[in-house]
Amino acid sequence: MQDTTYTDPRESEMASRAYLQQLKATFEQLPNEIPLYLFTAKGDEDVFTHANREVIRAFRELSSKITLREYNLDHELATEWNVTHSPTLLIAPERYSIQWLGAPMGEEARTFLEILILVGLGKSQLSEQSLKMIKRIDSARQIKIFVSPTCPYCPQQAINAVKTAIEMPETVSLEIIDIQSEPELANQYSAQSVPQAFANDILIGQGAQPEEVFILSLEKLEAQTIFIPESDAELIETDLLIVGGGPAGLTAGIYSVRSGLRTAIVERDALGGQVATTPIVENYPGFTSVGGKSLVDIMVSHALQYVQIFQGEAVVDIQTGPPFMVKTNRRQFQTKTILLATGASHRHLNIPGESRLAGRGVSYCSTCDGPLFKGKKVVMVGGGNSAVTEALHLFHMGINVTLTHRRDKLRAQEFLAKQLVDNNIPVLWDTEVKEIRGEERVEEILLLNNKSDETMEFKTDGVFIAIGYTPALELAQKIGLGINADGYIKQDGKHRTTVPGVYSAGDVEGGYKQIVTASGQGAEAAMTIFEDLINPYWLDGQAKVASISDDL
Ligand code: NAP
């Protein structure tokens, strides 16, 4: 389907020309050559080999520093550099051990561009905190990062690993592995969700990690979830710190800076929140049909014209104010106000086998993990807009998908439900998934028909779960915000929470949970914050906060 947004073609052509000029200038200033070596099996002309040549050709037009040599897998250099798969792309193998198994397509083109720049620069660009930690690693690390071209979380994790391979070339070797090009390797590691990071064959990270958390996991050879920076971390002062880079946070950032507030956004994962993994959006005004990730890219580039975004940074501590002291894994903010736009996280079924087989056939992201199931059989659980949109997405990718829903009626919009019927996608009604079974990966599920009480074993390669979201309340709870009876942040209708100087917007405060409503709430919150900073009610007996009624 086409994106029918109207943009003056002359304007977009000028913008891309300016971007290319900027990239060329960046490469021009890089001090080092960037030699690439592509290894293929004799006569191997598959889609990945072709894609490598195309992508590299496009990048080579940017700079003569990028060179390409091609060899067969039986060449002596393949033995010298330990290359065994076709196609494998090596980046500056004389200096670093960075191999790309597959091709840098789709989202991964971003990773590739960053690798080229870092290699050209000859510097890892690791943060101060990461550099301190990495120096403690004193034995070899062989890293494998499994990625897919449609995964918006993958570049962050792949780049974390690339930086370590550049910083410690004698100690760290890296393979970035495209799960579509290397399904057998992905199977061998039971890596059926992306990104997944292994070091010395130990799983050290599922999903994207902030850089410092990745390095700590690499050091400990065990997945870590939190990193608290040392007290010498950089300090930034803001009027407003926005936590969360989805539609609510990004819109608030635009409005806030335009009002003259010093503003920053911190986001621990990929920007865009749930939208980034929504296959197609058809109800955002101005776009009759647009990929969720494309919409996010447009929003982010708009927001970046105004507001500084710290991506890959997780808030690890907040000391109450105002002013508030907020610590991320990399720096500290002293801020007069905070906007929590932390969104929501996937709801889990909480049944046996679900967490054990997460990433082993159990998935919460069809956009990221769908490609690995092409030609296979999967089940989609849920009856809302997400489950139906994602079931259709999997179906169109050539996956044999069955929807299971616990009732006899979908919650999804009629427009989407009709497409299920039109495409003959089977639906198991009144059916609950009771258990997910399999040794190394998902093999079958146990289903219960809640009308007839009959149980049934159902063979499947994957279970995609889209049963709604629960608000991400960890920080709200840490600050001690009031929570309403529905389990969302309590606010006064103008996005003021029960703690002076702290505001909320988007899915974390409930409501309709649409992209357009989240953006609207972000704009409203930013305008309230602007008014409150001119006239800080917290200096005036906390009247507004006290007026929040208990039943909100
Ligand atoms: P949702 O609308 O809350 O639907 C969740 C679905 O999962 C419901 O069908 C629910 O069943 C089922 N469910 C919940 N808990 C379950 C459990 N423990 N076991 C089995 N099934 C369970 O969630 P969503 O589909 O993720 O959508 C979230 C929000 O995003 C909604 O506001 C939606 O409109 C919006 N969204 C919009 C679009 C779009 O406009 N294209 C796309 C995606 C999402 P019951 O029906 O029985 O409650």
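User: What joins S15 to S16, and through how many residues?

Analyst: This is a predicted model. In it, a hairpin of three residues links S15 to S16.

User: What makes strand S15 (residues 324–328) and S16 a pair?

Analyst: Two strands pair if there are at least two bridges between them. S15 and S16 have four bridges, in the antiparallel sense, so they meet the rule.

User: Which other strands pair with S16, and in which sense?

Analyst: Strand S9 (residues 235–243) runs parallel to S16 and is joined to it by eight bridges. Leu 241 has Ile 338 in S16 as its bridge partner. Strand S27 (residues 502–504) also pairs with S16 in the parallel sense, over three bridges. There, Leu 339 has Tyr 503 in S27 as its bridge partner.

User: Why is strand S16 (residues 332–340) called mostly covered?

Analyst: A residue counts as buried when its relative accessible area is under 20%. Seven of the nine residues in S16 are buried, so the label follows from that cut-off.

User: What makes S18 and S21 edge strands?

Analyst: They belong to an open sheet of five strands in the order S18-S25-S19-S20-S21, with parallel pairing. Strand S18 (362–363) and strand S21 (427–428) each pair on one side only. Within this sheet, S19 (residues 377–381) and S20 (residues 400–404) are paired over five bridges, and Lys 377 stands opposite Asn 400 in S20.

User: Where does helix H12 lie, and at what angle to S19?

Analyst: H12 (residues 385–396) lies across S19, S20 and strand S25 (462–465), at about 165° to S19.

User: How do you know that domain 1 and domain 2 touch, with their C-alpha centres 33 Å apart?

Analyst: The contact takes 11 residues from domain 1 and 12 residues from domain 2. Together the two domains bury about 920 Å², of which 53% is on carbon and sulfur atoms. Pro 152, Tyr 153 and Gln 156 supply 46% of the area that domain 1 buries against domain 2.

User: Why is the link between Glu 212 and Arg 330 called a salt bridge?

Analyst: The rule asks for a side-chain nitrogen of Lys or Arg within 4 Å of a carboxyl oxygen of Asp or Glu. The closest N and O atoms of Glu 212 and Arg 330 are 2.6 Å apart, so the pair passes. Across the interface of domain 1 and domain 2, the rule finds three salt bridges.

Notes. Residues numbered from 1 in each chain as written. Predicted model: local features only at pLDDT ≥ 70, side-chain atom pairs only at ≥ 80, totals over all residues. Heavy atoms only, no water. Helix = DSSP H or I, 4+ residues; strand = E, 2+ residues; numbered from the N terminus. Contact = heavy atoms within 4.5 Å. Axes fitted to C-alpha atoms, helices over the stretch in contact; angles between N-to-C directions. Buried < 20%, exposed > 50% of the residue type's maximum accessible area, 1.4 Å probe, protein only. Buried area = accessible area lost by both parts, 1.4 Å probe.
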